[in-house]
Amino acid sequence: MPEGNHSIVTEFILTGFPGLHPEYEGLVSAVLFLVYVLTVTGNVTILFLFATDRSLHKPMYYIILNLSTCDILFSTTTLPKIISKYWFQSGTIQFTACFVQMYFVHYLGTVNSCILFLMALDRYLAICHPLKYPLVLKNSTIQILSITTWIVAKHGPLMLVIRAYPLPYCASNIINHCYCDHIGITILACTDRAPYGVPAFADAMIMLLGPLAFIIFSYCSIIIAVFKMANLQSRIKTMSTCSTQLIIISLYYLPRCFVYLASNVGIKFSADVRIVIIMLYSLFPPMINPLIYCLRAKDMRESLWKRFNRRAVPQKAQVSAISN
């Protein structure tokens, strides 16, 4: 393209859901705001329970602590901007701010995938190698692995931004998505996208399929170990201890794998359907995860129940004193 036809892009426009009728914009923004409030409230509750109940200071709950932190950050990175688009018709995002958002979207996605790997490792060692578990996975070990995850995960997304930021962006500045991501931005560059898109896709596959391969291996090993148990009650109890994490992992991976597989076998989605699917697998797990922890994880459920009882008892005592 001739140099004279280039335009300097200073901001991008997020379309959100392209086919959404204006009369439903208020409803969609209200739903997204509710999702954000529930996500933050639920995950902050998990953080509060962990901070105030020392009985939760176990390797599995340190992993859940990291996942809750990641979920809060991801929702805060993506949702406020798209909510403001529909509430205040503020769909524009500054050029640099879009790349900052892109970085955190991919960074937190990488961290999330690594945390799910740690979840699978925790259950694999606990069930398949119970004697080694307390020696290998101590609280200090999980803390080191978690910190390493947060540090190492930044390099891949940082390289994506460094390579994409200097590209020449011309003409269209419209991103057909609810937030800035690598594909949505680089597809607007007036240059061949292949040198940037192929490494980005390879990196995404490694971060998605690498942990997933171990997760599949670990749960296959767990199922084999469970079936070797003679006692039926032991089988049920053992499977129940990892069912929480299996649900969380399924919510994260199954929709993503479906989208990637569908796109590679030629199944086409409209822009609206694709964005809805991406938003569902990006935002639904962070909202529903705290509910799963509290309903399925025994220690978490008991800790939450203690908090409610402590509040209920003083209120009952106060009512009794007033009536007397």
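Mentor: The account below begins with the overall fold, turns to the pocket, and then follows the helices of its lining to other features. The model is a predicted one, and the description should be read accordingly.

The protein contains 11 helices and 3 strands, arranged along the sequence as β-α-α-β-α-α-α-α-β-α-α-α-α-α. Along the principal axes, its C-alpha atoms fill a box of roughly 80 × 60 × 35 Å. Of the 324 residues in the protein, 43% are buried.

The second largest pocket has a volume of about 410 Å³. Its lining comprises 16 residues, and those closest to the centre are Ser-240, Thr-241, Arg-296, Ala-297 and Lys-298. Four helices each supply at least two residues of this lining: H2 (59-88), H9 (232-264), H10 (271-296) and H11 (298-323). Helix H9 gives the most, with 5 residues.

Side chains of opposite charge can pair when their charged atoms come close. Lys-58 and Asp-299 form a salt bridge, with an N to O distance of 2.7 Å. This pair links distant parts of the chain, since Lys-58 lies in the loop between H1 and H2 whereas Asp-299 belongs to helix H11, 241 residues apart. Lys-58 counts as partly exposed because its relative accessible area is 36%, a value between the limits of 20% and 50%. Asp-299, at 21% relative accessibility, is likewise partly exposed. The count for the protein comes to 2 salt bridges. In the salt bridge between Arg-123 and Asp-122, the closest N and O atoms are 2.8 Å apart, and both Arg-123 and Asp-122 are buried.

Rolling a probe the size of a water molecule over the atoms shows where empty space is left. The count comes to 1 cavity of 30 Å³ or more, and the largest cavity has a volume of about 110 Å³. Among the 13 residues that line the largest cavity, Asp-71, Asn-112, Tyr-252, Ser-282 and Pro-286 are the closest to its centre. The elements giving two or more residues to this lining are H2, H3 (95-128), H9 and H10. For the largest cavity, helix H10 gives the most, with 5 residues. The classes in the cavity lining are 7 nonpolar, 4 polar and 2 charged residues.

Helix H2 has a further part in the surface of the protein. A nonpolar patch is formed there by Phe-33, Val-37, Trp-87 and Phe-88, whose accessible area together is about 400 Å². Helices H1 (25-52) and H2 each supply at least two residues of the patch. Trp-87 is found in helix H2; Trp-87 is classed as partly exposed because its relative accessible area is 38%.

Taken together, helix H2 supplies residues to the lining of the second largest pocket, to that of the largest cavity and to the nonpolar patch.

Definitions and conventions: Residues numbered from 1 in each chain as written. Predicted model: local features only at pLDDT ≥ 70, side-chain atom pairs only at ≥ 80, totals over all residues. Heavy atoms only, no water. 1 Å grid on protein atoms, 1.4 Å probe; cavity = no way out; pocket = protein on both sides within 12 Å on 5 of 7 lines; lining within 4 Å. Points joined across faces, edges and corners; volume = space filled by probe spheres on them. Nonpolar A, V, L, I, M, F, W, Y, C, P; charged D, E, K, R; others polar. Patch = residues over 30% accessible without salt bridge, like charges linked within 9 Å, V, L, I, M, F, W, Y side chains within 5 Å. Areas by Shrake-Rupley, 256 points an atom, 1.4 Å probe, with all protein chains shown as cover. Salt bridge = Lys/Arg side-chain N within 4 Å of Asp/Glu carboxyl O. Buried < 20%, exposed > 50% of the residue type's maximum accessible area, 1.4 Å probe, protein only.
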